[in-house]
Every structure is written in structure tokens, then in C-alpha cells.
Amino acid sequence: MAKPLVQMALDSLDFDATVALATKVAPHVDILEIGTPCIKHNGIKLLEVLRAKFPNNKILVDLKTMDAGFYESEPFYKAGADICTVLGTADIGTIKGVIDAANKYGKEAQVDLINVKDKAKRTQEVAKIGAHIIGVHTGLDQQAAGQTPFGDLALVTGLNTGAKVSVAGGIKPATVKQVVDAGANIVVAGAAIYGAADPAAAAAEITKLARGSDAAAGGGLGKFLPWILVVGAIVLALFMFKGKPVEPVAEVAAPVAESVAPATEAAAPAAEVPAVAAPAEVAPAAEATPAAEATPAAEVK
């Protein structure tokens, strides 16, 4: 599975504050989400500003459309939205309208399952008509009551509909790995980023965790990887070296022999001794016939 994308929810009602926060976090996330209260308060103008300012980020507009799907979403797709949301509790015709608008502009429609009673049934229904993303979403009020999205996420990903799955609802560094392991394609963080003392650093940390980098948590094998690669290369080289014939060994040894040439030359006479000594072994035969002394020397060659 491809590495999950990280989405940052921009929920402030203040236009300038929203742009300023987006400027800080945009380099560290994949998707900028204009939250429902934010888009209602600031309108399509905010989308146009963010689209012009952050061409490398996808932008999701959390319309939560409940009626008139095509009519409501089309202006936002035209203005640069990459994703618009429609409520899973809406009529199936409304949901199809947003999907059709998304397809018209080569974009994506996300069906938000917030407050949907039978999430499995609705997920299968909207996937069948072409929903691009299924949004598993535990709302702010539900979070305040202690609810989490983890059970619903496991249910939806287990259906294997082929649609991407987004998860939102109190996601923080401690739970990022949990949602990624459960199969989420898009990890949405809001308060964990905009409520941090350093939003940019918080966004970067969550993205690293979502990408599977244990280094962000200060542990794991990530920091030892360069050394593991070096040791692996050495072991492989030694294995290949041992598996080759003698010639490479001689080639490697040659420089060493050259570097100790004086010592070798000094030892040369000793190496010649066996050649001279060999005829002496047949000396008894030579005593009987002096003229034959040359014969053993010739045979020894």
C-alpha cells in the first residue's frame, strides 16, 4: 500500500489566521482542509487564496453537503478544490451528484460517515456508485463524549471496497501508527497541530510517523540503517571474494609482495637450495662413474 497522506484541518474562523497557519504547515502535510465552520464563514474566496498560495498541496473543502450535491460542489471544484465532502446520511442521489461533479473536473468526492448508523451498508452503497474516499469521522461533539474512530475504521477498511479511507477524530502522534496499521490512506489531524506550540514541528512529526519513520519517535532501526547497509556490503563483498578462484587472491597479494621485495630477494638463494641439493641425493650412483655426474643434474630440471 502507498504511504498514507497527511491532512491538516484548518478550523479557525479568522481568514488571515487561517492563511498564516496554512503557510506554516503546508510544507509538512499533503492536504490542506478548509473545515466546515471555516468555509461557511469565509466562503469560496479563502479557497481561491489558498489555491494560489499553495499549488503543491491538495485542498479539501469540507462542505458536508446534505442536498443539491452537484449544484453545491461544482463551484468549489471549479475554484480549485481537489476534494469536496458530502454527508453519508444524505440521499444517495445527492451523494452521486457530488461524485459526478468531481468526475467532471477530474477531482475526488469524499463521503463522510459521521452519524451514519449502518456504516458498512452505506460504505458499500457509495463505493458502488464511485465514491473516491470514505471518511471515517468522529466529530468534535462525539470526541467530547469520549468516542474514537478506531472501531469504525477497522470496520470500513475490512470491507475492501477499493475506495480510499480517510480517518479523522482526535488523531495525535500517539495514535498515528494505530490508524495507519488499520489501513487508513489519509490521516487527518487538527487540534494536534494547530493547538501545538510549534504547528510546523507538530505537522512534521505526524507526517514522519504516518510515513513509518521511527526516527520521529526517537527509536527504531532508522538511525542504524546506514551502518546496517555498510556492514551488509562488507559481508557481501567477503562472500563473493571467498567464492572466486585463486587468481584474485594472487592479484591482491601482488602489491604486498612488491612492497616487501627486498626481503624476498634476500630469501631467493634459500629457495634455490632444493634445486642444487637434489642431485646430491643420487650421489652414490655418481661415485661409480664420474662421467655420469652430469646426468642426474639434467634429470632434475
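Predicted model: local features only at pLDDT ≥ 70, side-chain atom pairs only at ≥ 80, totals over all residues.
# Reading the labels

User: How many disulfides does this protein have by the rule?

Analyst: The count comes to zero disulfides. The term needs a pair of cysteine sulfur atoms within 2.5 Å, and by that rule nothing gets counted. Residues are numbered from 1 along each chain as its sequence is written, and side-chain values use heavy atoms, with hydrogens and water left out.

User: Why is cysteine 38 called buried? And what about cysteine 84, buried or exposed?

Analyst: Cysteine 38 has 0% relative accessibility, so it gets the buried label. The scale goes like this: buried is under 20% relative accessible area, exposed is over 50%, and partly exposed is in between, with a 1.4 Å probe and protein chains only. Cysteine 84 also sits at 0%, so it is buried too. Across the 301 residues of the protein, 38% count as buried.

User: What makes lysine 64 partly exposed, and why does asparagine 160 get the label exposed?

Analyst: Lysine 64 comes out at 22%, so it lands in the partly exposed band. Asparagine 160 reaches 66%, which is why it counts as exposed.

User: Where in the fold are lysine 64 and asparagine 160?

Analyst: Lysine 64 is part of strand 3, residues 58-65. Asparagine 160 is in the loop between helix 8 (150-157) and strand 7 (164-168). The protein has 16 helices and eight strands.

User: How do you know that valine 6 is buried, and which residues does it touch?

Analyst: Its relative accessibility is 0%, so valine 6 is on the buried side. Valine 6 belongs to strand 1, residues 5-10. Contact means heavy atoms within 4.5 Å; not counting residues up to four places away in sequence, valine 6 touches Val29, Asp30, Ile31, Val187, Ile206, Thr207, Ala210 and Arg211. Take isoleucine 31: it is 25 residues from valine 6 along the chain, yet their C-alpha atoms are separated by 6.3 Å. Over the protein, 64% of the contacts with a separation of 6 or more are between residues 24 or more positions apart.

User: What makes the pair of threonine 123 and lysine 119 a polar contact?

Analyst: A polar atom of the threonine 123 side chain lies 2.7 Å from the backbone oxygen of lysine 119. A polar contact is a pair of N or O atoms within 3.5 Å; within protein, one must be able to donate a hydrogen and the other to accept it, and residues adjacent in sequence count only if both atoms are side-chain atoms. So 2.7 Å is inside the 3.5 Å limit. Threonine 123 is in helix 6, residues 119-128, and at 0% it is buried. Leaving aside neighbours within four places, threonine 123 contacts Leu113, Ile134, Val156, Leu159 and Thr161.

User: What makes the largest pocket a pocket, and how much space lies in it?

Analyst: A pocket is an open set of points on a 1 Å grid over the protein atoms alone, where a 1.4 Å probe fits and protein lies on both sides within 12 Å along at least five of seven lines. About 640 Å³ lies in the largest one, the volume being the space filled by probe spheres set on points joined across faces, edges and corners. Lining residues have an atom within 4 Å of a point; there are 35, and Asp11, His137, Thr138, Leu140 and Gln143 are the closest to the centre. Helix 7 (residues 140-144) gives the most to the lining, with four residues.

Note on methods. Helix = DSSP H or I, 4+ residues; strand = E, 2+ residues; numbered from the N terminus.
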